[in-house]
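Student: I'd like to learn how to read the packing features of a structure like this one. Could you take me through it?

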Amino acid sequence: MLEGLPLVLLLLGAVAFIILATAKLNLHAFLALLIAAYGTGLLAGLDPTEVASLVTDGFGGVLAYIGIVILAGTIIGIILERTGAAIVIAESILDLIGEEHTTTVMAITGSVVSIPVFCDSGFIILSGLNRSLAERSSLSLATLGVALAGGLYATHVFVPPTPGPIAAAGILGADIGLVMLAGIVVSVPVTLVAAKWASTVASKYHIDPNPDMTIEDIKAEYGQLPSKAASFAPLLVPIVLITLGSIAAYPEASDPAFVTGTAQTALLFIGDPAVALLIGAFVGFAVVPDYSEDVTSEWVGDGIKNAAIILAVTGAGGAFGSVLSALPLKGFIGDTFGGLGIGLVAAFIIAAALKSALGSSTVSIVTTAGLIAPLLPELGLASTWGRVFAVLAIGAGSMTVSHANDSYFWIIKEFTDMKTATAYQAWTLATLVLGVTSILWILVLRNIVAVAL
């Protein structure tokens, strides 16, 4: 079996293959990751039957952990999109913060909507509102477009049940509740940085909004919009339940204990991420003004279809990580990097390199998680909080940077009427700033937690 430097070179070759296969040969990431998993195991000298078992066990193990969460999250996203609840959320935030802070409003709106909704879908859903508000506020469409895109991006890479951080949590064995809470803490300042970048840099590129519809026209398209409480409920209920479940898991953390006995058991059950997200999906049905078979069958079916690709890629990433865990990489990595204390930075750099090469934040997250999962002890990230911050560091890298090979880049460009050169200056540079800001803030938080514990 290969060991030491030859094994590391094989690993680099596997990563190069994934990049080449997906970026140049247009092979789906699901197939590229599986080929890399099988090929790495066989070329490293593992027994073929062991390789086959590692791949299937790794694939199934990850999906068993986060499969239901991803499916329920996408169903919630479909409901928010098709009922107009996302528009209600945006208007509610606008009323709360005030129209004089429209740029910040759009960034915060994006960060809220993107928790269950894919960032590209969220941008399209809110693009009409974005144009109308830019016109009403006499702002460049570039300003509000970049603010909205940055807010959507922040929670997309940090806060479950978005597929990327959920997948990383599953592969790395991180507590999903803690990832959600820490991801929110990280995403808040990042969202505000996005708003600041939009108002100071993107605003230099004036683009007339030229809205096709007013806000009233957009609302009329949906017919009867849900109430504010109903619109926020599918988002807030799962977050609250998961938070309570995470607190109940550590009753000894408070004196007197937060909860014990039967009440603790109940909170642990409803606070399980899969259970909490399923409850959130059923709460989402209350948002629907006309409850019918279209909702229970067609909408749910569309949510499952949307989740299928993410489930496939996530499972393949778990398979790749399972094969790597069986290889003797730990000694080499430990001897080379173990004493340097750069585990989180290494995770960030790997994810950033893959993001820049592959374009997809989710694929970058899944691939990086698979690479570092077997190396967590050697990188000093094997503790409960170490795994959580590893997920966040990978998320930060997966923001860095969005450019021409990223579908989100082109969606932002087209829906804000930017020229390509302008999109590079207003958006691509923004993602570099957001990524670096994120990893620096994550390193600060890790030190705070280390001192507190």
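**Reading burial, pairs and bridges**

Tutor: Buried means under 20% relative accessible area, exposed means over 50%, and partly exposed is in between, with a 1.4 Å probe and protein chains only. Before going on, note that this is a predicted model, where local features need pLDDT of at least 70, side-chain atom pairs count only at pLDDT 80 or more, and totals for chains, interfaces and linings use all residues. Residues are numbered from 1 along each chain as its sequence is written, and side-chain values use heavy atoms, with hydrogens and water left out.

Student: What does the side chain of D417 meet in a salt bridge?

Tutor: A salt bridge here is a side-chain nitrogen of Lys or Arg within 4 Å of a carboxyl oxygen of Asp or Glu. D417 meets R131 that way, at 3.0 Å from N to O. The pair ties together distant parts of the chain, 286 residues apart: D417 is in the loop between α19 (407-415) and α20, while R131 is in helix α6 (residues 119-137). Helices are DSSP runs (H or I, at least four residues), as are strands (E, at least two), and they're numbered from the N terminus. R131 counts as buried, because its relative accessibility is 14%.

Student: How many salt bridges does a search of the whole structure find?

Tutor: Five. One of them joins the side chains of K228 and D95, at 3.7 Å from N to O. That pair also links distant parts of the chain, with K228 in helix α11 (residues 228-248) and D95 in helix α4 (residues 85-97), 133 residues apart. K228 is partly exposed at 45% relative accessible area, and D95 is exposed at 55%. Then there's K413 with E414, whose closest N and O atoms are 3.1 Å apart. K413 counts as buried at 13% relative accessibility, whereas E414 is partly exposed at 48%.

Student: Now the aromatics. How is a pair of aromatic rings described?

Tutor: By the distance of the centres and the angle of the planes. Rings of Phe, Tyr and Trp (its six-membered ring) pair if their centres lie within 6.5 Å; planes under 30 degrees apart are stacked, over 60 edge-to-face, and the rest tilted. That rule gives nine aromatic pairs. Take Y153 and W427, a tilted pair with 5.4 Å centre to centre and 50° between the planes. They bring in distant parts of the chain, Y153 from helix α7 (residues 141-158) and W427 from helix α20, 274 residues apart. Y153 counts as buried at 1% relative accessibility, as does W427 at 0%. For an edge-to-face case, look at F282 and F285: 5.5 Å centre to centre, 85° between the planes. Both lie in helix α13 (residues 273-285), three residues apart, about one turn of the helix.

Student: Where do nonpolar side chains tend to be in soluble globular proteins?

Tutor: They tend to be buried together. A nonpolar core is a set of buried Ala, Val, Leu, Ile, Met, Phe, Trp, Tyr and Cys residues joined through side-chain atoms within 4.5 Å. The largest one here has 150 residues, and those touching the most other members are L126, F158, L172, F320, I372, Y408 and W427. Helix α3 (residues 48-83) gives the most to this core, with 13 residues. Contact means heavy atoms within 4.5 Å; leaving aside neighbours within four places in sequence, F320 has contacts that include L11, I18, L33, T40 and L371.

Student: Why is helix α8 described as largely enclosed by the rest of the structure?

Tutor: Because ten of the ten residues of α8 (residues 163-172) are buried. Among them are P163, I166, G170 and L172. Just after α8, G173 takes a positive phi of about 70°.
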